[in-house]
Amino acid sequence: TKVNAYALVRVVYGVAWPTIAPLDLPLFPLLAPRAAAGILAGSVMALAQRVLRRLLAYSSIGNLGYIALGLALGNANGLLGAMLH
């Protein structure tokens, strides 16, 4: 699931808009609240699960929220954290 996020970053930063600052794109300010909601929802739901498959699924949602939030920050540290995660 995280390969899709990596491919999105490569396309956005390498192909589509290599010279535009990330904060100039309309996608990033809209992405931050949704990413934070994904982190909260995925983490809270993962805590409530007793079935391992569901726990891993909700944990993946939370982790993708962390990656999306790093991208939505639009700075070098956010991008680096998202790529390392």
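## Polar contact at Q49

A polar contact is a pair of N or O atoms within 3.5 Å, where, within protein, one must be able to donate a hydrogen and the other to accept it. In this predicted model, a polar atom of the Q49 side chain lies 3.3 Å from the backbone oxygen of M45.

Q49 sits in the loop between α2 and α3. Its relative accessibility is 16%, and buried means under 20%, so Q49 counts as buried. Beyond its neighbours within four places in sequence, Q49 is in contact with R54, L55 and Y58.

## Largest pocket

The volume of the largest pocket is about 190 Å³. Twelve residues line this pocket, and A5, L8, L31, A68 and L71 are the closest to its centre. The lining consists of twelve nonpolar residues, with no polar and no charged ones.

Three helices each supply at least two lining residues: α1 (2-16), α2 (27-47) and α3 (52-73). The largest share, five residues, comes from α1.

## Largest nonpolar core

In soluble globular proteins, nonpolar side chains tend to be buried together. The largest nonpolar core here has seven residues: A5, V9, V12, F28, I67, L71 and A82. Two or more residues of this core come from each of α1 and α3, and α1 gives the largest share, three residues.

## A5 in pocket and core

A5 belongs to the largest nonpolar core and is also among the residues closest to the centre of the largest pocket. Not counting residues up to four places away in sequence, A5 touches L64 and I67.

Notes:
Residues are numbered from 1 along each chain as its sequence is written. This is a predicted model: local features need pLDDT of at least 70, side-chain atom pairs count only at pLDDT 80 or more; totals for chains, interfaces and linings use all residues. Side-chain values use heavy atoms; hydrogens and water are left out. On a 1 Å grid over the protein atoms alone, a cavity is a set of points where a 1.4 Å probe fits but cannot get out, and a pocket is an open set with protein on both sides within 12 Å along at least five of seven lines; lining residues have an atom within 4 Å of a point. Grid points are joined across faces, edges and corners, and a volume is the space filled by probe spheres set on the points. Helices (H or I, at least four residues) and strands (E, at least two) are DSSP runs, numbered from the N terminus. Ala, Val, Leu, Ile, Met, Phe, Trp, Tyr, Cys and Pro count as nonpolar, Asp, Glu, Lys and Arg as charged, and the others, Gly among them, as polar. A nonpolar core is a set of buried Ala, Val, Leu, Ile, Met, Phe, Trp, Tyr and Cys residues joined through side-chain atoms within 4.5 Å. Buried means under 20% relative accessible area, exposed over 50%, partly exposed in between (1.4 Å probe, protein chains only). Contact means heavy atoms within 4.5 Å.
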